[in-house]
Amino acid sequence: MTIGVGRTARARSVGGALRRMPIIPIFLLGALTLAALLAPFIAPHPPLEVNLGNALAPPFYHEGGSVDHLLGTDRLGRDILSRVIYGGQVSLLLAFSVLLIGGTVGIVIGLLSGYAGGRSDSIIQRGVEAILSLPTIMVALVFVFVLGQSFASVVLILAPFIAASFARMVRGEAMTIRNMNYVALARVAGASHTRIIARHIMPNVAGTIIVIATLEVGALILVEASLSFLGVGVPPPTPAWGLMVDDGREYLTTRYWLSLFPGLAIVITVLSINWIGDWLRNVLDPKRQEL
Amino acid sequence: MTQAVPDVGRDDDVLLQVTDLRTQIGIKNGVVKAVDGVSFDVRRGEIVGLVGESGSGKTMTCLSIIRLLPVEAARIVSGEIWFDGTELLSAPEKVMRDVRGRQIAMVMQDALAALNPVLTVGDQLAEPLRHHFGWSRVKARDRVLEVLEAVRIPRPAERLDEYPHQFSGGMRQRIVAAMGLGTTPSLMLADEPTTALDVTIQAQFLTLIKELQEQTGMSVLWVTHDLGVVAQTCDRVNVMYAGRIVETGSVRRILKKPLHPYTNALLESVPAIGVKRERLYQIAGHPPDLANLPSGCAFYERCPLRMDICREQFPPATPDGEGGTVHCWAVGGS
Amino acid sequence: MSVPLLEVRDLVKHYPLAGGPFGGGNAVVHAVDGISFALEAGTTMAVVGESGSGKTTTARLILLLERPTAGSIHFEGQDISSASGATLRAYKRSVQAVFQDPYSSLSPRMRVRDIVGEPLEVHEKLGRTALRARVGELLEQVGLNPSAANAYPHQFSGGQRQRIAIARALSLNPKLIVLDEPVSALDVSIRAQILNLLVDLQRDRSLSYLLISHDLAIVEHMSHSVGVMYAGQMVELTSAERLYADPRHPYTEALMAAVPSIDPDQPLGLVVGGDVANPADPPSGCRFHPRCPLRESLGNPAICSETDPALGELDATHRVACHFRTPTGTTPEAAPATSGVVSR
């Protein structure tokens, strides 16, 4: 294909991709994130406020419900809507903390491993593979029993898994890029290893990193929910979506709203994130640059 | 606008006749006119060259003939392709499946991509024979050995059970040619078959194809950008630029007395051994933007002989006096 | 007599081949197997060969992208084969490269300005304005508009990208540029532009080029001296004029004969059979012997398959590695080659 085609087609395909932006997921995710951030201002009730007299009240659209508690109350009379909103804080905070710590470590390891190659790369990869082969939730269970249940311990146990994931992907890309002509030419020009990694490898890996990060956030939220559902996540009474779903387990057929709304929150968040992640991957894929 | 079909008797002598072929690829907000009104023919027993650079439309023309367009967005918009009495563009897929691989063989540039790495060479060569003719294993194997010998693979009986990666690049290319030859096709479409080969291996391959062509009488449509290859193999040549044919003629006439400014420029700019030049002739400008082709001649921007009319109207065919044509306002055609 | 700009002595590069699952890991790829040549300042030396010849590895060795297994590389009289630190930096300033593929030679996420300016950033401490000015100058010198500096590589055609690569190579005012198939990946109609540019730059800046190519016509057009490589060895070494007027090695003859002429009345010369030698398992003795038409016409003398011919001197400026084509050869030359395929 001639260049002319490439140039114009490319401009159009990027524009087209931007036009096909998944508006709804972005809007939903944005709304949820905003709600979580502004929780103290928009939640109608304090999330920990117990009111046994009004326990298990149904949502406003049922008989017996009121607009005071739009989504009803749980066993201890706490407002479900407020807890869902605050729960978003926990989930998102957890996800981003883990991503930050684990991601940074993983990216650095992946870059160094992929760039260096050879023996050190093999050794590091064995470690990474070992971590990846462990079943996340089971290990988390054990770890939390040992270290005690807290926000920090959950972050600490999940970080290595994320790090391994990033290390794996980034290393693969780094290895491919390392063999590119432009890296060879940078060496010919006398660039130092640091410079090559920072200016040539990192920017070309950035796209992949963003996509993995987006998708991992979704996975992390699910893991957190699973952990708290199993009782080893963030400790009660902090509102966490998984915990709330677990709370409502006995009432699934009678008072479904205890589990449904936090469950919906999980589903909407994770689906939106995945949708956006897929779209990002399409937009950032350099192969789309050539027609 | 239709290009004039080259002046040949419409008779049994013509194996393939392409008339006003147009193939387009849909892109955002527009189309790429990859093949924009191409007409030419291939007679029985002759080797016809289709010469052009990347983006000229030569590969898309080939793929359009056998209706194996590479992307969903590509469509053949109009035209007629008569092959041995059958019109191909309107033929049902069942007929095309019979034509492809049996009557028309294809040899592409990258032999490794054409060969399945997990099947032995013998199996792959036998497949079209068993599929098209329903032959038994034994009968197919005999023919496969014959064909491997014809393409000069040494010790074919032993190598039949080897895998593609165990052969060198040159041999793989010959195996791909052998795959096409098994069914004694009447036409071979060769799309840059030697571009990726070393020059000594390319020479072997060129010699081989010429010999095979003489022995079997098949026709070959040879797509390439290499004028040397054209000189050594083809009888007649069509020169393509920006999806259109700009000049046709016998190989001798085109290479020794090129009429179209593009053909001439190409010949002048290619360095040749033994021809001493201080400075190579350079064609100004860059290749055309296929998504935004002008209504006139696409070579206008780069042409040393351009005139106003060239920008507006694509020139009609002017005969060259020897059975070929040229599409240029500056060369006759007024 | 002045010291040559670049001199290579008995350069060897072997790559270990990974052994099979049951050991046997002694196999070695003889990518470059003892080559020597010299390049005079201000000239273009071409290294010609097909796949497996070792020409690309030679280029990488000279660029110090790989370290030689044996032998030495001398630049301006100094041995730089094991250079490090300041010597290495000085060498990098003097020797740059342009590679074959214009698409993978430019980092897709860097602006042209940063790509062309990178060597300057590494070696000199220029302020931003000064750097931009230099980049603008360089772009003009290669025939591009200085405004190209702000753009990204994907906005340019193959030929333009190669110009960007050349601008970058020129940025440190090197003495030698290694050109690895500089136009092979470009459209035919663009090649002339780039070749003319390279020749002009050489004349204007007294540059030296090491041209790696398989295209004999381009080599003839641009080069002053030529070395022909086959299976890791240099089989003929002489001036370009001499090589094309009087090729002596049977492989050189085969190469020349194989190039299809655009004159339809000039058919292909003798077409040599067989495959290009495998550097991981080269033939014994002379590596070209299984395919050599000369050997066949001489009745397959044993020496060809037993002894590896050294690059002997035909005269002061022409060296050939063949038992029968150097003055020390024992048999008179065979009958001239005829067309047709040599059977094996």
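Helices (H or I, at least four residues) and strands (E, at least two) are taken here as DSSP runs, numbered from the N terminus. The structure is a predicted model, in which local features need pLDDT of at least 70 and side-chain atom pairs count only at pLDDT 80 or more, whereas totals for chains, interfaces and linings use all residues. Residues are numbered from 1 along each chain as its sequence is written, and chains are lettered from A in the order in which they are written.

In chain A, helix H9 (residues 193-229) has 37 residues, yet its end C-alpha atoms are only 46 Å apart, short of the 54 Å that a straight helix would reach, the expected span being 1.5 Å times one less than the number of residues. Within H9(A) a kink of about 45° lies at A:Met202, shortly before the proline A:Pro203; the bend at a residue is the angle between axes fitted to the seven residues ending there and the seven starting there. Just after H9(A), A:Gly231 takes a positive phi of about 90°.

Turning to the contact between chains B and C, 39 residues of chain B are in contact with 36 residues of chain C, where contact requires that the C-beta atoms of two residues, placed from the backbone, lie within 7 Å. The elements that give two or more residues to the chain B side are helix H7 (169-181), helix H8 (199-216), helix H9 (227-233), helix H10 (251-256) and helix H11 (261-269) of chain B, and H8(B) gives the most, with eight residues.
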